Amino acid sequence: MDESIYLDEARDPLIIAEGWMKDGRDVAIATVVETWGSAPRPVGSHLVIDAEGNFHGSVSGGCVEGAVVTEAMDVIGSGKPKMLEFGVADETAWQVGLSCGGRIKVYVERLG
Amino acid sequence: MDPYVLKTLNEERRARRAAVLVTDLGDGRDRIVREGDRVAGDLGAAIANAFRTGISRSVEAEGRTFFLNAHLPRPRLVVVGAVHISQALGPMARIAGYPVEIIDPRTAFATPERFPNVALHAEWPEDVLKRAPLDSYTALAAVTHDPKIDDFALKAALDARCFYIGALGSRKTHAKRVERLLALGAGADQIARIHAPIGLDIGAASPAEIAVAVLAQTIHAFRSRGLEAKGAVA
């Protein structure tokens with residue numbers, strides 16, 4: 001159990017995103033905005049991604065991060081936010097899925 | 001996300017101040033709402049709810065879909081007094097999700113043997129609170145019975161608007177305490193926020209039972225923040 005009452009600056013995705021921005025890197029922020037059933041990460045969780053595909057944080061237990069990173073590169077390029085939906089692999093158009101059986105919606109936007 | 005919004009949000013989070021990030025999922029526009037800011041209508045009600053519960057969610061309002069990301073500082077409990085009650089309160093509060101710090105300058109009381117696995121300061125509250133100030137996401141329970149130790153911490157808790165302030169002692173003891181706090185410059189309405197005798201009235205008798213009563217009162221105070229004005233809390 002993390003008992004710190006202060007931010008864990010070295011691991012906090014939003015602090016990392018701000019640091020990347022200050023370094024002049026292009027950044028996208030992905031946020032879990034809805035979950036149904038058993039979802040590994042709660043609503044509000046973040047994954048932050050830079051244009052080289054570096055990332056911090058998580059929006060699932062590692063099941064869909066790869067796909068989110070790929071989409072995030074697009075978002076960084078176009079500047080247009082995207083809403084991604086992931087469910088059990090064979091029930092959706094997505095190649096990746098959540099083996100836990102849940103469904104999540106992830107909002108991906110560019111920083112700036 | 002607007003870079004300025006991210007910077008502001010991180011500043012608020014670093015300072016242990018609550019903020020809700022409101023994102024319009026239609027056009028991507030976002031803004032920060034701080035606790036106490038007025039927002040009208042259904043959106044305002046949903047934001048108020050996010051501040052109280054800490055739950056992030058998507059809401060429909062004004063024909064649009066907004067995502068509300070609630071960033072609440074982690075609540076914590078500072079206990080003044082390394083006494084028998086605190087020995088039970090420390091582990092209980094931690095399990096309930098409230099990290100605990102115990103302060104008592106009396107080195108015979110504040111020993112690691114009596115308080116394993118808890119942040120313990122064998123120092124005066126004056127010194128500890130200078131390093132780690134109280135804030136509105138901190139609860140303070142003063143349980144030493146000793147004005148020399150309790151009073152400063154209670155005054156500091158009133159000034160910092162701690163979400164919960166409790167002080168051990170009978171009504172008679174508390175009446176004298178009120179006089180002392182008035183002399184220290186606290187206002188009568190401020191002092192009225194102190195829960196004394198401490199703890200929910202569950203007929204607690206043993207130190208461990210009193211700890212349950214204090215923890216329950218702390219949780220109630222945290223979960224009903226902001227409802228007082230509407231008369232929803234007795």
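Me: Which domains does the assignment give for chain B?
Reply: Chain B is assigned domain 1 (3-71) and domain 2 (76-223); such bounds come from an automatic or database domain assignment. Their centres, taken over C-alpha atoms, are separated by 32 Å. This is a predicted model, in which local features need pLDDT of at least 70 and side-chain atom pairs count only at pLDDT 80 or more, while totals for chains, interfaces and linings use all residues. Residues are numbered from 1 along each chain as its sequence is written, and chains are lettered from A and ligands numbered from 1 in the order in which they are written.

Me: How many helices and strands does chain B have?
Reply: Chain B has 8 helices and 9 strands, where helices (H or I, at least four residues) and strands (E, at least two) are DSSP runs numbered from the N terminus. The C-alpha trace of chain B spans about 60 × 35 × 35 Å along its principal axes.

Me: What percentage of chain B is buried?
Reply: Of its 234 residues, 38% count as buried. A residue is buried if 20 or more other C-beta atoms lie within 10 Å of its own, exposed if 12 or fewer, and partly exposed in between, with C-beta atoms placed from the backbone.

Me: Turning to the sheet with β1 to β4, what is the strand order?
Reply: The order is β2-β1-β4-β3 (chain B), an open sheet of 4 strands with antiparallel pairing. β2 (30-34) and β3 (57-61) of chain B stand at the edges with a single partner strand each, so one side of each has no neighbour in the sheet. From one strand to the next, the twist averages 30°. Two strands count as paired if DSSP finds at least two bridges between them.

Me: How many bridges link β1 and β2 of chain B?
Reply: Strand β1 (residues 19-24) of chain B pairs with β2(B) over 5 bridges, in the antiparallel sense. B:A19 stands opposite B:R34 in β2(B).

Me: Which strands do helices α1 and α2 of chain B lie across?
Reply: Helix α1 (residues 3-14) of chain B lies across β1, β2 and β4 (64-71) of chain B, and runs at about 25° to β2(B). Helix α2 (residues 41-53) of chain B lies across β1, β2, β3 and β4 of chain B, at about 25° to β4(B). The axes are lines fitted to C-alpha atoms, for helices over the stretch in contact, and angles run from 0 to 180 degrees between N-to-C directions.

Me: And the contact with chain A, how many residues does it take from each chain?
Reply: It takes 19 residues from chain B and 19 residues from chain A; two residues are in contact if their C-beta atoms, placed from the backbone, lie within 7 Å. On the side of chain B that touches chain A, the elements giving two or more residues are α1, β3 and β4 of chain B. The largest share of that side, 7 residues, comes from α1(B).

Me: What are the partners of β8(B)?
Reply: β5(B) runs parallel to β8(B) and is joined to it by 5 bridges, with B:V78 opposite B:L140. β8(B) also pairs in the parallel sense with strand β9 (residues 164-167) of chain B, over 4 bridges. There, B:A142 has B:A167 as its bridge partner.

Me: Which residues of α3 in chain B are buried?
Reply: In helix α3 (residues 84-95) of chain B, the buried residues are B:I85, B:S86, B:L89, B:G90 and B:A93. They cover an arc of only 130° around the axis, which puts them on the same side of α3(B); the arc is that of the directions from the helix axis to the C-beta atoms. Their cover includes β5 (76-80), β6 (100-103) and α8 (207-223) of chain B.

Me: Last topic, the backbone: where is the cis peptide bond?
Reply: The bond from B:A196 to B:P197 is cis, with omega near -5°. B:P197 is found in the loop between α7 (188-191) and α8 of chain B.

Me: What is phi at B:E62, and is the residue buried or exposed?
Reply: Phi of B:E62 is near 55°, a positive value in a residue other than glycine. B:E62 is exposed, with 11 other C-beta atoms within 10 Å, and its place is in the loop between β3 and β4 of chain B.
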